[in-house]
Amino acid sequence: MIRAVITGTGSALPVRRVSNAELAQTVDTTDEWIVERTGIRFRHLAGAGETTSSLATEACRKALAAAGRDARDIDLIIVATATPDQTFPATATIVQAALGIDDCVAFDVAAVCSGFLYALQVADSMIRTGNARCALVIGAETFSRILDWDDRTTCVLFGDGAGAIVLEAEQDGDRGILYSRLHADGRHNQLLYVDGGPSTTGTVGKLRMKGREVFRHAVVNLAAVMEEVLASAGFTAADVDWVVPHQANARILDATARKLGLPGEKVIMTVDQHANTSAASVPLALDVAVRDGRVKRGDLVVLEAMGGGFTWGAALVRF
Ligand code: COA
């Protein structure tokens, strides 16, 4: 039996780190409001020359080094992003060229904040069916470029960054992606969206969100999909070593963990440092927890995310 195993992780953040207090100099908000409602204290914002592909490429280089792999070993690149460098070509092909890879499969996946979970299931399926052996799966975003900086209800919540994993085929091992499950419900398109696009306005558009409604759906959907993944793979919440959630809001993370009966210490939390980096948030948080020694080989890890669409999903991984 072939399984897809995570053999390396990497991440990248823009140079500029912005505190809530600095943001409050130009946005009608306060550090107290942001911390109390979201847990966010800092976010990194891309400057001139920093793009989704440049952050993705840096994350990939670190993931390749961690896996002990050369870029020439890669036969599949998937970038999950809602903020591609250009409408086309796919950001994955820009990353491919930057890494000096002449020929491999490369494409983007658009599922907003759930994008990394979507990309992971696609890569896992391609590896298990023999269509790829060594993949780079990336979440990368520059959401600062689609924020309305006059809308204090959204602009304080997001940041830029990238996370990447190397995912490799392994025969008959215990490790790897054990089970993953994805969902979408397009009836909720208008609760979290961008008010522009190539085929409608011909512009990039800005992010719009009804935060309170999103919050309500997020807790219910995330707890349900985690339970679904654990039950399908024959585990319970008590078996889980770590949850690496999408980093939207500390209150969503706490409420979801409580609903599942998971102690807060098992939940990796980076939203305080990075804010919501959309598709980048899960691989970014995973890389932080791998590098600081919390997530170790053999641990049972749940990855989960929910985003615009709505889309949501979870994956159970023996790391
Ligand atoms: N600074 C100060 N005040 C702010 C503010 C800001 N940045 N943003 C909104 N407010 C004000 C509002 O104007 C409102 O004031 P009013 O009562 O005088 O009208 C008040 O704070 C409460 O706003 P509300 O939107 O009801 O707050 P909330 O408790 O629902 O928190 C969110 C707002 C966005 C933090 C919360 O709904 C949330 O986190 N939602 C989920 C969003 C998310 O994670 N989305 C991504 C999923 S991928």
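**The strands around β13**

Strand β8 (residues 176-184) pairs with β13 in the antiparallel sense over eight bridges. Strands are DSSP runs of E with at least two residues, numbered from the N terminus, and two strands pair if DSSP finds at least two bridges between them. The model is predicted, with local features needing pLDDT of at least 70, side-chain atom pairs pLDDT 80 or more, and totals for chains, interfaces and linings using all residues. Residues are numbered from 1 along each chain as its sequence is written, and side-chain values use heavy atoms, without hydrogens and water.

Me: Which residue in β13 is the bridge partner of Val302?
Reply: Strand β12 (residues 300-307) is also paired with β13, antiparallel and over eight bridges. In β13, Val302 has as its bridge partner Leu316.

Me: Which residue in the turn of the β12 and β13 hairpin has a positive phi?
Reply: Three residues lie between β12 and β13 in this hairpin. A positive phi of about 140 degrees belongs to Gly309.

Me: How many of the eight residues of β13 are buried?
Reply: Buried means under 20% relative accessible area (1.4 Å probe, protein chains only). In the protein chain, 56% of the 319 residues are buried. Strand β13 (residues 311-318) is mostly covered, and its count of buried residues is seven.

Terms used. Buried < 20%, exposed > 50% of the residue type's maximum accessible area, 1.4 Å probe, protein only. Helix = DSSP H or I, 4+ residues; strand = E, 2+ residues; numbered from the N terminus.
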